[in-house]
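Here's a quick tour of a few spots worth a look before you set anything up. Have the viewer open as you read.

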Amino acid sequence: MRSTRRVIMIVALLFPLAVHAQAGNVDTANQQTRQFIGQTMDALRIPGLQIAVVQDGKVVLSESHGLANVENKLPTTRATRFPLNSATKSFTAVAMMQLAEAGKVNLDAPISAYLADLPDAWRGVRVRQLLAHTSGLPDILDAQGLLGGGTEAAAWTAVTQRPVDAAPGTRFTYNQTNYVLLARIIAAQSAMPYDRYVATRQFDLAGMPSSTFGDSYDLIANSATIYSWFPRRTDAPDAAPRLSHWFYDMTPGLWAGGGMLTTGDDVAQWLVALTGNRLVNAASTRRMWTPERLDDGSDGAWGAGWAVLQRAPQRQVAGMGGARSAFIVYPDQGLAIVVLTNLVGANPQTFIPRIAAFYGVDAPAPAISRAARPSPAGSRR
């Protein structure tokens with residue numbers, strides 16, 4: 001995508017070298033981060049943004065910048081909710097690990113052990129293959145949104161009639177069907193709806209009072225308005241870029257793959273709880289952050305619900321969504337950085353590594369994955 005290449009080019013040109021903060025000098029790193037965020041928002045024309053930095057289990061920076069709503073000049077505050085989109089999958093993975101620790105789910109079991117009425121070709125897919133996008137299942141979404149352009153139920157009927165894209169375990173293929181199935185397994189094995197399970201077992205435990213589920217069509221208090229500089233469908237080819245609303249539709253059955261709205265503060269507290277082994281044990285976290293092994297012995301691009309950006313020499317794992325929100329964890333350095341924006345195409349995962357450098361972590365920027373791109377269910381109007 002030209003827009004994602006533009007993001008990378010602008011950041012690289014404006015900020016070619018990051019200045020490392022001296023060890024322990026958090027104040028200096030925070031000041032450098034504030035300056036960098038201001039420059040980046042100007043360069044990429046990001047209306048509103050939240051940033052939170054977690055270092056050694058403590059939140060050392062949490063700030064809000066810009067406008068949550070441009071037309072009404074409403075400022076972004078720490079209470080402003082931003083959509084996580086595909087980064088929600090990391091929360092779904094934690095839910096599955098909790099159920100596995102409780103003995104209610106076996107990640108190596110076929111999904112037919114927990115779900116009935118599956119197509120024959122789907123029955124042997126392993127739960128872990130759903131989490132890592134190595135199931136080979138067809139996608140319930142296409143370029144226009146839900147298959148067929150109708151209801152979620154109709155799209156489900158359509159996707160179950162499609163042939164599989166690949167044999168399970170043979171390749172990494174990102175799709176939303178995997179997380180629709182995971183939500184159903186969580187509901188079946190926990191005896192409560194997916195969203196209530198996550199709220200009870202993660203939001204409440206980690207201290208996330210502002211987190212909820214929905215999309216841009218839902219009336220949710222303190223939600224940031226989502227924008228884009230992408231051309232409108234009706235624009236002439238040579239029309240100048242202009243900021244417009246971006247709408248995205250996320251039906252409840254898709255929430256496990258991209259339905260969360262939250263704040264930088266809430267995600268930071270969740271990361272503190274996760275890295276402190278308060279949500280799942282250390283072994284479960286290692287499993288989430290380890291790439292799924294494919295049948296040919298190579299590593300897939302994801303672990304369980306997390307993109308594995310780098311295994312060595314320094315681990316990097318991430319949640320990225322909607323080309324506007326991201327968090328990257330550097331486990332070996334005890335650092336995690338959250339950036340939430342209301343601009344589709346901001347791709348904060350491309351500039352989070354520049355921020356990491358201020359806190360002493362030298363890490364390359366990740367490539368733009370499909371998970372980080374705008375949802376096909378979104379549109380500019």
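Helices here are DSSP runs of H or I with at least four residues, numbered from the N terminus. Keep in mind that this is a predicted model.

Let's start with Asp266, which sits in helix H9, spanning residues 264-275. Asp266 is buried but has no salt bridge. The nearest side chain of opposite charge belongs to Arg81, and that one is 6.9 Å away.

What does the side chain of Asp266 have as a polar contact? The side chain of Ser211, at 2.9 Å. Leaving aside residues up to four places away in sequence, Asp266 touches Gly207, Met208, Pro209, Ser210 and Ser211.

## Another aspartate, this time in a loop

Asp235 belongs to the loop that links strand S8 (227-228) to strand S9 (244-248). Is Asp235 buried or exposed? Its relative accessibility is 18%, and buried means under 20%, so Asp235 counts as buried.

The side chain of Asp235 has a polar contact of 2.6 Å with the side chain of Arg242. A polar atom of the Asp235 side chain also lies 2.9 Å from the backbone nitrogen of Arg232.

## The three-stranded sheet

Next up is an open sheet of three strands, ordered S4-S10-S7, with antiparallel pairing. Strand S4 (82-83) and strand S7 (212-213) are at the edges, and each has a single partner strand, so one side of each has no neighbour in the sheet.

S7 and strand S10 (residues 260-262) run antiparallel and are joined by two bridges. If you want a residue pair to click on, Phe213 has Met260 in S10 as its bridge partner.

Strand S1 (residues 48-55) pairs with strand S2 (residues 58-69) in the antiparallel sense, with eight bridges. Leu49 stands opposite His65 in S2. The hairpin of S1 and S2 has two residues between the strands, and Asp56 takes a positive phi there, near 50°.

S2 also pairs with strand S3 (residues 74-75), again in the antiparallel sense, over two bridges. Here Asn69 has Leu74 in S3 as its bridge partner. How many residues lie between the strands in the hairpin of S2 and S3? There are four, and Lys73 takes a positive phi near 55° in this hairpin.

One thing to remember when picking side chains by eye: in a regular strand they alternate between the two faces of the sheet.

Technical notes
Residues are numbered from 1 along each chain as its sequence is written. This is a predicted model: local features need pLDDT of at least 70, side-chain atom pairs count only at pLDDT 80 or more; totals for chains, interfaces and linings use all residues. Side-chain values use heavy atoms; hydrogens and water are left out. Buried means under 20% relative accessible area, exposed over 50%, partly exposed in between (1.4 Å probe, protein chains only). Lys and Arg count as positive and Asp and Glu as negative; His and the chain ends are not counted. A salt bridge is a side-chain nitrogen of Lys or Arg within 4 Å of a carboxyl oxygen of Asp or Glu. A polar contact is a pair of N or O atoms within 3.5 Å; within protein, one must be able to donate a hydrogen and the other to accept it, and residues adjacent in sequence count only if both atoms are side-chain atoms. Contact means heavy atoms within 4.5 Å. Two strands pair if DSSP finds at least two bridges between them.
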